[in-house]
Amino acid sequence: MLSKLKQLIKILTPYQLYIGIGIAIIFIAVLSYSMNHNEDKSQQTYVESNTDSYSNKTDKKETLSKRHQGETKDSDAKKENKVIYVDIKGAVKHPNVYKMNISDRIIDLLKKAQLSNNADTKQINLSEKLIDQKLIYIPEKGEKTSQNIQEQITSNTVDSTQSTINLNVATEEQLLKVPGIGPSKAKEIIDYKNKNGAFNSIEDLKNIKGFGPKTFEKLKAYFTV
């Protein structure tokens with residue numbers, strides 16, 4: 001056995017260099033494979049870790065979004081269920097103070113109060129939202145409300161027979177229609193009325209800048225109080 005081993009070594013001796021190179025190549029190949037295998041495992045672990053992290057973040061966002069939606073719905077529901085009290089008078093069968101929902105409108109209130117036969121709904125905005133502690137007045141047909149009276153005053157500001165303008169109710173636009181009254185003078189008249197109250201007489205125009213004796217004499221025929 002020993003003699004056979006010696007013979008084998010003697011035969012392989014001339015090929016020692018090639019054998020060494022072959023062993024080195026095999027070692028390098030094994031080492032390279034081992035390193036690549038470990039790197040693949042590391043990358044796989046990194047990808048799996050990032051995937052789990054992204055999944056957790058997505059789940060958290062969805063949870064927060066659902067929670068926010070739930071809170072919003074609860075808030076809206078609370079607002080819709082808020083109770084207010086509204087008083088209604090005038091041309092209704094059951095004038096009273098009614099307990100209503102904050103989202104209700106005048107038309108909802110009228111379902112409870114019930115309009116009388118002579119009620120004039122043309123003067124009422126039925127779609128208007130109700131406000132807590134508000135008084136709703138339903139006029140009768142032919143009845144003049146405060147809005148009607150104000151419109152009548154405005155339309156009668158310029159006297160058709162005397163062509164005069166009431167200084168106490170005239171608007172800036174109406175004042176500009178008077179010959180000799182420009183934007184500056186019209187603004188001065190409005191500012192004077194707002195600051196000092198109603199005009200007692202047209203002579204008060206003399207207290208306004210720009211209304212000297214000559215200007216006053218020229219314009220006084222257009223005004224009244």
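How exposed is Glu203, in terms of relative accessibility? Glu203 counts as partly exposed because its relative accessibility is 40%, where partly exposed lies between buried (under 20% relative accessible area) and exposed (over 50%), using a 1.4 Å probe and protein chains only. Welcome to this predicted model, in which local features need pLDDT of at least 70, side-chain atom pairs count only at pLDDT 80 or more, and totals for chains, interfaces and linings use all residues. Residues are numbered from 1 along each chain as its sequence is written, and side-chain values use heavy atoms, with hydrogens and water left out.

- Three strands form an open sheet in the order 2-1-3, with mixed pairing; strands here are DSSP runs (E, at least two residues) and helices are runs of H or I with at least four residues, both numbered from the N terminus.
- Strand 1 (residues 83-90) and strand 3 run parallel and are joined by four bridges; two strands pair if DSSP finds at least two bridges between them.
- Strand 3 has Ile136 and Ile138 on its covered face, while Leu135 and Tyr137 are on the uncovered one.
- Helix 3 (residues 106-113) lies across strand 1, strand 2 and strand 3, and runs at about 130 degrees to strand 2; such angles run from 0 to 180 degrees between N-to-C directions, with axes fitted to C-alpha atoms, for helices over the stretch in contact.

**Gly90 in strand 1**

- Gly90 belongs to strand 1 and stands opposite Ile138 in strand 3.
- Leaving aside neighbours within four places in sequence, Gly90 is in contact (heavy atoms within 4.5 Å) with Tyr137 and Ile138.
- Gly90 and Pro139 are 49 residues apart in sequence, yet 5.8 Å apart in space from C-alpha to C-alpha.
- With 34% relative accessibility, Gly90 counts as partly exposed.

**Asp120 in a loop**

- You will find Asp120 in the loop between helix 3 and strand 3.
- Asp120 is buried but has no salt bridge, and Lys122, the nearest side chain of opposite charge, is 6.0 Å away; Lys and Arg count as positive and Asp and Glu as negative, with His and the chain ends not counted.
- The side chains of Asp120 and Gln123 make a polar contact at 2.9 Å, meaning a pair of N or O atoms within 3.5 Å; within protein, one must be able to donate a hydrogen and the other to accept it, and residues adjacent in sequence count only if both atoms are side-chain atoms.
- Not counting residues up to four places away in sequence, Asp120 touches Pro139, Glu140 and Lys141.

**Salt bridges**

- There are six salt bridges, each a side-chain nitrogen of Lys or Arg within 4 Å of a carboxyl oxygen of Asp or Glu.
- One of them links Lys111 and Asp108, with the closest N and O atoms 3.9 Å apart.
- Lys111 and Asp108 are three residues apart in helix 3, so about one helical turn separates them.
- Lys111 is exposed at 60% relative accessibility, whereas Asp108 is partly exposed at 24%.
- Another joins the side chains of Asp191 and Lys187 (2.9 Å, N to O), which are four residues apart in helix 6 (residues 183-196) and therefore separated by about one helical turn.
- Glu203 also takes part, its side chain meeting that of Lys206 at 3.0 Å, N to O.
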